[in-house]
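Student: I would like to go through this model one question at a time. Please show it first.

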Amino acid sequence: MRILVTGSAGFIGFHVSSKLLNLGYTVVGFDNLNSYYDLELKKARLEHLLEYDQFHFVKGSLENRSELEQLFAEHQFQVVINLAAQAGVRYSLEHPQTYIDSNVTGFLNLLEMCRIHQIGHLLYASSSSVYGANLKVPFSVEDKTDHPVSLYASTKKMNEMMAHAYSHIYRLPVTGMRFFTVYGPWGRPDMAYFSFTRSILEEKPITVFNNGEMWRDFTYVDDVVQAIIHLIPLPPVADTNWSGQTGSSNAPYRIYNIGNHNPVKLADMISLLERHLDKPARIEYRPMHPGDVEVTYADTESLEEQVGFKPETPLDTGLGKFVSWYKAFYEVNELALTKLSGE
Ligand SMILES: NC(=O)c1ccc[n+]([C@@H]2O[C@H](COP(=O)([O-])OP(=O)(O)OC[C@H]3O[C@@H](n4cnc5c(N)ncnc54)[C@H](O)[C@@H]3O)[C@@H](O)[C@H]2O)c1
């Protein structure tokens, strides 16, 4: 089976591609290698993937339709996994246009390609941020998602709506995956657990919003990959008995929460990092950021029901693996730490 993974040089795309290659699939990776964060990290991920003979990489942007047309003309994909996007809640306040280009125009182009080439299953990344100002926890796929609090969240909600329209009109089987704070080795430097690790090691202060009164449903990346692997062979089928539920449809369309169902307070996450790094954090508190929400908490019932699997790696275990990777990747050793601390 030939699978297109967009965003393959990104954090989740890299892990999904690696797993698929290990399982013997042929993977075509597509990524524009943008400089939203450290390009060297993206290149290092890509180098690993290029070690596999069944991996092919195409550099391009989703919003450039002719690049996508060429990609789909050259390869016959059975499955498309869309993990390319402009991610990040806070960045979307300063760079709104980037989100429309990559996440909306880019996603439309991808839907068009899937329609024209009659792709058997499109899986795409949505986000827990679609729950926005939702007050009820845990967040269920049956809850309303009509009050996004950042443009990033709005674009993810738009993706879900666009996917439904294509699924309804063209019977395109589409699965939307609402990821909850994914973390792990090869992670994203803009995310708190990653930037906190760097700052703690360098003995620099870390910025914590809302006085640390925030809870996140941290989800280990291997669990996310496992969920995707389970979902690939399950293209949604139209529910002929559909009676208006939000997470399904009378079109071949499904939405799942992919989260740990176990929110952890930010202060506890920081304590775990301090223990794994064996160094204290210097915390500077800031007021709540306007694009943030206080709690994310996934109800994973429908995922478990459908595939018999749900993420459950404890944060302590996952952070330990992240810290080991971080130290090895950035060659942080005792000598470097001594130098950094000026002792
Ligand atoms: N990591 C999380 O906690 C999390 C949570 C919720 C949702 N998501 C979503 O999951 C997906 C993957 O996230 P990630 O954490 O791996 O992010 P990432 O930024 O590491 O990966 C995205 C990749 O897509 C590429 N890209 C961006 N715009 C592109 C475009 N227009 N055309 C081609 N390539 C483009 C980037 O270069 C990057 O390598 C994204 O859709 C993100 O919004 C992630």
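Student: Of the 27 residues around the ligand, which come nearest?

Tutor: This is a predicted model, where local features need pLDDT of at least 70, side-chain atom pairs count only at pLDDT 80 or more, and totals for chains, interfaces and linings use all residues. Residues are numbered from 1 along each chain as its sequence is written. A residue is near a molecule if its C-beta atom, placed from the backbone, lies within 6 Å of it. Of the 27 residues around the ligand, the nearest are Gly7, Gly10, Ala85, Ser102 and Ala125.

Student: Which element gives the most to the shell around the ligand?

Tutor: Helices (H or I, at least four residues) and strands (E, at least two) are DSSP runs, numbered from the N terminus. Two or more shell residues come from each of helix 1 (11-22), helix 5 (96-116) and strand 5 (121-127). The element that gives the most, with three residues, is helix 1.

Student: In strand 2, which residue is the bridge partner of Val5?

Tutor: Two strands pair if DSSP finds at least two bridges between them. Strand 1 (residues 2-6) and strand 2 (residues 26-31) pair in the parallel sense over five bridges. In strand 2, the partner of Val5 is Gly29.

Student: What is the handedness of the β-α-β crossover from strand 2 through helix 2 to strand 3?

Tutor: Strand 2 and strand 3 (residues 55-59) pair in the parallel sense over five bridges. The chain crosses between them through helix 2 (residues 39-49). A crossover is right-handed if, with the strands pointing away from the viewer, the path from the first strand over the helix to the second runs clockwise. This crossover is right-handed.

Student: Why do the buried residues of helix 2 line one face of the helix?

Tutor: A residue is buried if 20 or more other C-beta atoms lie within 10 Å of its own, exposed if 12 or fewer, and partly exposed in between, with C-beta atoms placed from the backbone. In helix 2, Leu41, Lys42, Arg45 and Leu49 are buried. Seen down the helix 2 axis, the directions from the axis to the C-beta atoms of the buried residues line one face because they fall within an arc of 100°.

Student: Is Leu33 buried or partly exposed?

Tutor: Leu33 is found in the loop between strand 2 and helix 2, and has a positive phi of about 45° although it is not a glycine. Because Leu33 has 14 C-beta neighbours inside 10 Å, it counts as partly exposed.
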